[in-house]
Amino acid sequence: MKADPPRFPAGTTSLIKTYLTPDLFASLARVKTGTGFTLEAAIRSGIENPDSSIGIYAGDSESYTCFSRVLGPIILDYHKIEPHQCHQEHMTPETLADLDPQRQYIRSTRIRVARNLKGFPFCCHIRDNDRVRLENHIMNALEHLTGDLSGTYTRFSDLSPDAYDGMVEKKLAFPKGDRFQESAGMNRDFPLGRGIFLSRDKEFRVWVNEEDHMRIMAVSPGPDLGGVFERLCRGLDALSSHLDFAFDDRLGFLSSCPTNIGTAMRAGVHIRLEKLEHHQDILKDLVRRHHLQIRGTGGEKTAVENATFDISNTRRLGISANQIVHHLHTGLSAIITAEKSL
């Protein structure tokens with residue numbers, strides 16, 4: 001019997017609606033990955049949320065091969081790459097010039113990468129027992145961090161509601177996922193199996209079982225892009241010796257959302273631009289030319305407050321981590337020059 005194609009609500013403009021034809025759905029409807037993940041589960045969030053831009057999640061590493069006939073075109077479209085382009089493996093610390101020695105513009109710097117572990121379903125498909133087993137495995141790896149990377153892991157389930165809310169307010173803990181993640185199944189059993197690792201100075205952090213198994217990040221309260229990148233590289237190297245990350249030679253590091261594959265990196269700053277706030281045509285042109293994007297002060301789908309913009313990379317696949325950092329560095333240099341000239 002032929003499976004009925006999904007019914008997308010009126011107004012849906014997601015990439016999954018664009019590329020998932022009725023015939024393609026019928027040919028993939030009964031396909032299951034080794035962990036039992038199906039196309040129906042993958043696109044549930046895109047059907048329930050008509051304003052989804054992508055509309056599909058991966059439930060495990062195998063999703064990228066089992067559903068490649070629909071994920072492939074979506075990946076090419078979103079990442080704006082050619083079929084022959086693939087992941088570029090180059091992530092080496094380097095010295096970068098200080099862009100803001102007087103600390104007038106850049107308020108903070110953060111570079112984070114998403115990582116999932118081999119042998120475990122991804123966060124929209126994993127169940128409670130495997131999630132706790134995964135958390136314990138990651139905790140064991142974190143205990144091997146030394147020096148300025150060493151710190152403490154906190155399980156959210158061990159916190160009182162007030163303590164947890166306080167950490168979320170300070171941007172140390174992550175909140176329960178949004179409606180897109182809820183529909184995908186990522187909020188299942190929250191907060192079981194979730195937590196955060198903080199180094200002693202809180203400048204190296206790891207979120208466990210948010211949208212991906214790990215969100216590994218280095219942060220700085222100032223403009224030290226080179227130092228933040230160096231710390232992230234060291235942290236990743238240390239964790240890689242104890243953890244086996246889900247990786248594909250062509251697609252790079254595999255993530256729950258196909259928008260994050262490749263380097264799975266977001267490198268960005270909070271930057272105060274009092275003049276460019278009133279000349280956003282100039283700012284938008286600069287970020288476009290340097291492969292960057294503007295988000296609100298609180299991140300995606302938030303407003304810009306007090307002239308403070310979140311500016312980060314747009315490209316993650318077909319480009320190396322070092323190239324991403326260089327584009328951010330040169331782009332911020334041009335943006336600060338423009339701000340000074342107005």
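These legends walk through several views of one predicted protein model. Residue numbers start from 1 along each chain as its sequence is written, and side-chain values use heavy atoms, with hydrogens and water left out. Because this is a predicted model, local features need pLDDT of at least 70 and side-chain atom pairs count only at pLDDT 80 or more, while totals for chains, interfaces and linings use all residues.

View 1. Helices (H or I, at least four residues) and strands (E, at least two) are DSSP runs, numbered from the N terminus. The C-alpha trace spans about 70 × 45 × 40 Å along its principal axes. A compact globule of 342 residues would have a radius of gyration near 20 Å, and the protein agrees, with 20 Å; the radius is taken over C-alpha atoms, and the globule rule is 2.2 Å times the number of residues to the power 0.38. Of the contacts between residues at least 6 apart in sequence, 73% join residues at least 24 apart, where contact means heavy atoms within 4.5 Å.

**View 2. The surface and the charges of the protein.** The accessible surface comes to about 15,500 Å², and 49% of it belongs to carbon and sulfur atoms (Shrake-Rupley method, 1.4 Å probe; for residues, only the protein chains shown count as cover). Buried residues make up 52% of the 342 residues; buried means under 20% relative accessible area, exposed over 50%, and partly exposed in between (1.4 Å probe, protein chains only). The mean positions of the 42 positive and 44 negative charges are 2 Å apart. Lys and Arg count as positive and Asp and Glu as negative, without His and the chain ends, and each charge is placed at NZ of Lys, CZ of Arg, CG of Asp or CD of Glu.

**View 3. Helix 3 and its cover.** Look along residues 39-48 for the buried Leu39, Ala41, Ala42, Ile43, Ser45 and Gly46. Their cover includes helix 1 (15-19), helix 2 (22-28), helix 5 (68-79) and helix 8 (179-184).

**View 4. Pro121 in its loop.** This proline sits between strand 1 (106-115) and helix 6 (128-142). Pro121 counts as buried because its relative accessibility is 10%. Leaving aside residues up to four places away in sequence, Pro121 touches Thr35, Gly59, Asp60, Ile126, Asp130 and His213. From Pro121 to Leu134 is 13 residues in sequence and 9.8 Å in space, C-alpha to C-alpha.

**View 5. Cysteines in a structure with zero disulfides.** A disulfide here is a pair of cysteine sulfur atoms within 2.5 Å. Cys66 is in no disulfide, and the nearest cysteine sulfur, that of Cys124, is 14 Å away. Cys86 is in no disulfide either; for this residue the nearest cysteine sulfur belongs to Cys233, 20 Å away. With 28% relative accessibility, Cys86 counts as partly exposed.

**View 6. Backbone details at Pro191, Lys171 and Lys202.** The peptide bond from Phe190 to Pro191 is cis, with omega near 10 degrees, and Pro191 lies in the loop between helix 8 and strand 3 (195-199). Lys171, in the loop between helix 7 (161-169) and helix 8, has a positive phi of about 65 degrees although it is not a glycine. Lys171 is exposed, with a relative accessible area of 59%. Lys202 also has a positive phi, about 65 degrees, without being a glycine. You will find Lys202 in the loop between strand 3 and strand 4 (204-208), partly exposed at a relative accessible area of 38%.
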